[in-house]
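Subject: Structure handover

Hello,

The structure we spoke about is below, and my notes on it follow. Please read them with the structure open.

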Amino acid sequence: MKHFLDLEDINNIDTLISEAISLKSNPFSSKKLGENKTIGLLFFNSSLRTRLSTQKAAQNLGMDVITMNLNSDSWGLEFEDGSVMNAGTAEHIKEAAAVISQYVDIIALRAFPSLTDKVKDEEEQVIKSFQKYASVPVVNMESATAHPLQALTDAITITEFKQKKRPKVVLSWAPHPRALPHAVPNSFAKMMQMIDVDFCITHPEGYELNPKITGNAPIVYNQEEALKNADFVYAKNWSSYKDYGQIKCTDESWMLTLDKIKTAKFMHCLPVRRNVVVADEVLDSNQSIVIQQANNRTYAAQAVLKEILKNVAE
Amino acid sequence: MKHFLDLEDINNIDTLISEAISLKSNPFSSKKLGENKTIGLLFFNSSLRTRLSTQKAAQNLGMDVITMNLNSDSWGLEFEDGSVMNAGTAEHIKEAAAVISQYVDIIALRAFPSLTDKVKDEEEQVIKSFQKYASVPVVNMESATAHPLQALTDAITITEFKQKKRPKVVLSWAPHPRALPHAVPNSFAKMMQMIDVDFCITHPEGYELNPKITGNAPIVYNQEEALKNADFVYAKNWSSYKDYGQIKCTDESWMLTLDKIKTAKFMHCLPVRRNVVVADEVLDSNQSIVIQQANNRTYAAQAVLKEILKNVAE
Amino acid sequence: MKHFLDLEDINNIDTLISEAISLKSNPFSSKKLGENKTIGLLFFNSSLRTRLSTQKAAQNLGMDVITMNLNSDSWGLEFEDGSVMNAGTAEHIKEAAAVISQYVDIIALRAFPSLTDKVKDEEEQVIKSFQKYASVPVVNMESATAHPLQALTDAITITEFKQKKRPKVVLSWAPHPRALPHAVPNSFAKMMQMIDVDFCITHPEGYELNPKITGNAPIVYNQEEALKNADFVYAKNWSSYKDYGQIKCTDESWMLTLDKIKTAKFMHCLPVRRNVVVADEVLDSNQSIVIQQANNRTYAAQAVLKEILKNVAE
């Protein structure tokens with residue numbers, strides 16, 4: 001693995017999941033690997049889990065960590081080729097990415113979508129530009145359309161908790177007061193087609209995700225029907241993809257409850273709005289595995305960073 | 001010691017002071033203890049001394065440090081039980097505290113009071129919620145009503161500088177343009193009742209601190225009388241506790257001067273407003289020990305973290 | 001070297017350049033030197049290169065690093081002697097510098113000029129106050145009038161790339177939409193008089209830098225004439241020094257192009273506004289050495305920190 005921009009960068013998902021689970025039981029086993037190596041964690045947006053778990057993962061591998069809020073700590077970045085930079089942006093990504101590459105051995109990056117310009121968001125300009133102009137590996141800590149570290153975390157968690165060879169996994173849309181990105185559901189849907197699960201998606205009509213990503217995954221508009229016999233229910237809000245970035249449905253009856261998920265395990269990437277996305281009774285029950293899921297963020301990141309470091313060393 | 005939320009968490013104050021003084025002369029003696037351990041320093045408010053000294057203390061013990069400004073780097077936190085989270089807050093403390101606990105081995109927290117809602121401030125919702133939902137030790141880096149690391153620092157400093165077995169220590173209110181919290185005077189008053197000093201408090205009428213905290217400590221409304229024969233004068237402004245959070249007195253004559261403190265040592269937790277709280281002549285004299293006092297912040301924090309780490313290891 | 005406030009603090013420039021180049025090929029060779037030492041990187045202003053490279057340099061030397069945005073993370077600082085602090089500032093530099101000195105072994109500081117008050121900016125109040133009241137070495141990460149780490153970087157870069165004993169180096173003013181400080185051109189002009197180069201400066205009339213700094217360096221108002229036979233062209237905008245902080249010229253014809261620099265190497269401290277200061281064709285050509293120049297920021301900082309650490313140890 002050179003970069004980790006999306007799930008396609010994974011050579012073998014089973015091996016990577018095994019590696020993560022192995023690191024979880026022995027987190028400091030590769031502490032020599034990252035010696036004298038530095039990772040730069042660059043944030044254009046807020047972060048709690050990603051910020052802490054990626055830092056912890058890197059430190060477990062013996063790396064030094066430099067964290068920066070790119071918007072507030074540094075200069076406004078320009079991404080357009082050939083632009084005459086006489087306005088708000090002070091530094092071009094060509095220089096920024098090349099320069100940062102000289103100070104750190106891995107660049108990890110978070111950059112959310114605009115949710116107003118579909119074409120531009122789908123071009124993944126920020127992370128693609130970093131990849132293009134950086135001379136070191138780039139890791140996606142959630143980009144406009146993908147959150148592969150989260151999806152890897154989810155696959156690890158399902159592997160740990162599943163009680164049958166091929167569990168039924170349902171991704172359910174849920175209400176939310178704000179317009180949210182598609183990165184998490186996109187990467188989750190993609191990942192569920194990479195591992196051995198019986199996967200379906202449920203959401204109100206008009207909330208279809210990008211069909212290139214959901215592929216052959218069945219879409220069931222009736223939430224109750226979709227949730228039938230589910231082993232894992234993954235709740236997540238997203239804004240409309242068709243009417244890009246808009247909120248088309250605020251139907252509270254889509255909120256997940258114990259009555260709906262029955263005996264299924266409940267998953268969510270967090271942060272989660274209680275009693276809007278999911279009822280307290282679910283999160284406070286033994287069926288919720290969101291905390292254990294969040295814990296796996298560390299080992300997902302650590303498995304990816306370890307692969308990248310090994311590749312750099314070779 | 002499991003948590004360090006308030007001075008009641010100290011088993012034996014004399015032992016802890018001795019430990020701190022011993023670490024001061026040999027700060028790296030326990031560097032193995034914190035190996036592969038991480039402390040998360042979480043700030044809801046500004047900090048200089050606490051931010052630097054706690055980080056230094058942790059590094060002296062061999063720990064990794066992750067610092068976060070919770071308000072700006074991360075998501076708005078919800079503390080109310082059962083709330084329907086369809087407004088400003090994106091993550092509930094139940095998830096946040098449980099999740100953070102998985103990435104760090106100790107959580108240290110700063111969260112100032114509102115100074116508008118006395119009941120709520122006294123409930124210490126933020127730090128108590130972290131304690132409740134975190135699975136790792138929680139350290140108070142100044143909460144709504146207490147600043148125990150500062151009070152421990154103060155006790156260390158008095159121990160170092162005292163020239164008689166039982167020195168006279170006076171806590172004097174002083175003027176300030178802003179409404180300030182009660183955390184520092186509260187913890188100082190409490191600590192002075194834990195060590196062997198002759199303690200009294202002086203402030204304008206109406207500025208009584210919480211009587212449950214000041215206990216039997218004499219209150220003298222006449223500053224001059226209170227300061228008589230003082231060995232240590234500790235200046236600090238606080239807003240009214242009775243008329244909660246309000247400024248009731250701006251009488252400049254309460255400012256501390258050399259003339260008033262005579263030969264006493266001068267202490268303050270810093271930051272201090274010169275020529276408002278205390279005259280330049282005091283801070284610039286040999287009687288001021290505010291810098292030495294601030295230095296002890298490192299060793300107070302280090303002694304506490306060392307006790308917690310030892311407890312975790314057992 | 002005790003402090004590194006300006007280029008005058010360098011004992012022997014040739015030795016320091018050699019040290020930096022030697023560290024570049026063996027960056028971890030002095031990792032024992034910084035063990036149990038902490039550097040505090042204190043920023044009043046934005047930074048990318050300086051923030052990352054100084055941190056990397058310190059870590060290469062085995063130091064712990066604490067980074068703070070002084071304005072947002074901490075308290076407003078007061079610099080005036082004798083002021084009655086009843087307004088916006090909460091802490092005096094006398095306390096702040098003395099206190100910070102106890103938590104870190106080296107203070108590194110960035111504080112830009114006002115560009116409105118020439119006298120005050122030239123007094124270098126912020127960094128000089130830190131030097132005055134700190135008890136540990138202070139390093140300039142760009143002050144009101146000087147950026148010596150950048151100038152050292154520039155000297156290293158010219159040493160590496162020069163193909164004749166005494167190359168011709170031209171500092172050329174270039175257009176920019178904002179009023180910029182004089183720190184970089186000041187320090188570059190000073191440095192070019194410390195090493196063996198044929199140096200001249202070109203800028204529109206009225207843009208003369210402080211003559212005490214430019215000294216005997218020839219000033220040529222005709223850019224084309226100045227650039228003739230240049231081996232290195234260093235582009236940089238600055239605001240007027242005479243009409244302090246003002247933009248007197250926006251003439252786009254001063255932008256650097258391939259046609260103008262001919263076969264010269266192109267340098268800039270970055271961030272650079274493309275197609276305003278310099279054309280894409282220059283930055284995207286082999287003649288641009290701005291990325292390699294930025295890389296040397298790490299080794300300039302590392303050479304300086306190493307000298308300071310050695311001095312502390314003695």
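Three salt bridges are counted between chain C and chain B. Before going further, please keep in mind that this is a predicted model.

**Chain C against chain B**

One of the salt bridges between these chains joins the side chains of R49(B) and E91(C), with N to O at 2.7 Å. Polar contacts between chain C and chain B come to 13 residue pairs, with both residues at pLDDT 80 or more. On the side of chain C that touches chain B, the elements giving two or more residues are β2 (64-69), α3 (70-73), β4 (91-92) and α4 (93-103) of chain C. Which of them gives the largest share? That is α4(C), with eight residues. Sorted by class, this side of chain C has 14 nonpolar, eleven polar and six charged residues.

In terms of contact, 31 residues of chain C meet 33 residues of chain B. The area buried between the two chains is about 2800 Å², and carbon and sulfur atoms account for 54% of it. Three residues, N36(C), W75(C) and Y103(C), supply 24% of the area that chain C buries against chain B, which is more than any other three residues give.

**Chain B against chain A**

Here 31 residues come from chain B and 33 residues from chain A. About 2800 Å² is buried between chain B and chain A, with 53% from carbon and sulfur atoms. The salt bridge count between chain B and chain A is three. One of the pairs is E95(B) with R274(A), whose side chains meet at 2.7 Å, N to O. Residue pairs in polar contact number 13 between chain B and chain A, again with both at pLDDT 80 or more.

The side of chain B that touches chain A draws at least two residues from each of β2 (64-69), α3 (70-73), β4 (91-92) and α4 (93-103) of chain B. Of these, α4(B) gives the largest share, eight residues. The class count for this side of chain B is 14 nonpolar, eleven polar and six charged residues.

**How the chains are related**

Two copies of a chain are related by a rotation about an axis and a shift along it. For chain C laid on chain B, the turn is 120° and the shift along the axis is 0.0 Å, with an RMSD of 0.0 Å. That is the relation of a three-fold axis. Chain B superposes on chain A by a rotation of 120° with 0.0 Å of shift along its axis, and the RMSD is 0.0 Å.

**Inside chain A**

How is chain A divided? Domain 1 takes in 7-146 + 295-313, and domain 2 takes in 148-293. Their C-alpha centres lie 25 Å apart. The contact between them involves 30 residues of domain 1 and 34 residues of domain 2. Between them the two domains of chain A bury about 2700 Å², of which 66% is on carbon and sulfur atoms.

There are two salt bridges between domain 1 and domain 2 of chain A. K190(A) also deserves a look: K190(A) and E8(A) form a salt bridge, with the closest N and O atoms 3.1 Å apart. Polar contacts between the two domains of chain A come to 14 residue pairs, both residues at pLDDT 80 or more. On the side of domain 1 that touches domain 2, two or more residues come from each of α1 (13-25), α5 (118-123), β6 (138-140) and α13 (290-313) of chain A. By class, that side of domain 1 has 15 nonpolar, six polar and nine charged residues.

**Backbone details**

A few backbone points are worth checking in the viewer.

- L270(B) to P271(B) is a cis peptide bond, with omega near 0°. P271(B) sits in the loop between β11 (265-267) and α12 (280-283) of chain B.
- L270(C) and P271(C) are likewise joined by a cis peptide bond, with omega about 0°. The loop holding P271(C) runs between β11 (265-267) and α12 (280-283) of chain C.
- L115(C), a residue other than glycine, has a positive phi, near 60°. L115(C) is found in the loop between β5 (106-110) and α5 (118-123) of chain C.

Regards

Conventions:
Residues are numbered from 1 along each chain as its sequence is written. Chains are lettered from A and ligands numbered from 1 in the order in which they are written. This is a predicted model: local features need pLDDT of at least 70, side-chain atom pairs count only at pLDDT 80 or more; totals for chains, interfaces and linings use all residues. Side-chain values use heavy atoms; hydrogens and water are left out. Copies are superposed by least squares on the C-alpha atoms of residues with pLDDT of at least 70 in both. Contact means heavy atoms within 4.5 Å. Buried area is the accessible area (1.4 Å probe) that two parts lose on being put together, summed over both. A salt bridge is a side-chain nitrogen of Lys or Arg within 4 Å of a carboxyl oxygen of Asp or Glu. A polar contact is a pair of N or O atoms within 3.5 Å; within protein, one must be able to donate a hydrogen and the other to accept it, and residues adjacent in sequence count only if both atoms are side-chain atoms. Helices (H or I, at least four residues) and strands (E, at least two) are DSSP runs, numbered from the N terminus. Ala, Val, Leu, Ile, Met, Phe, Trp, Tyr, Cys and Pro count as nonpolar, Asp, Glu, Lys and Arg as charged, and the others, Gly among them, as polar. Domain bounds come from an automatic or database domain assignment.
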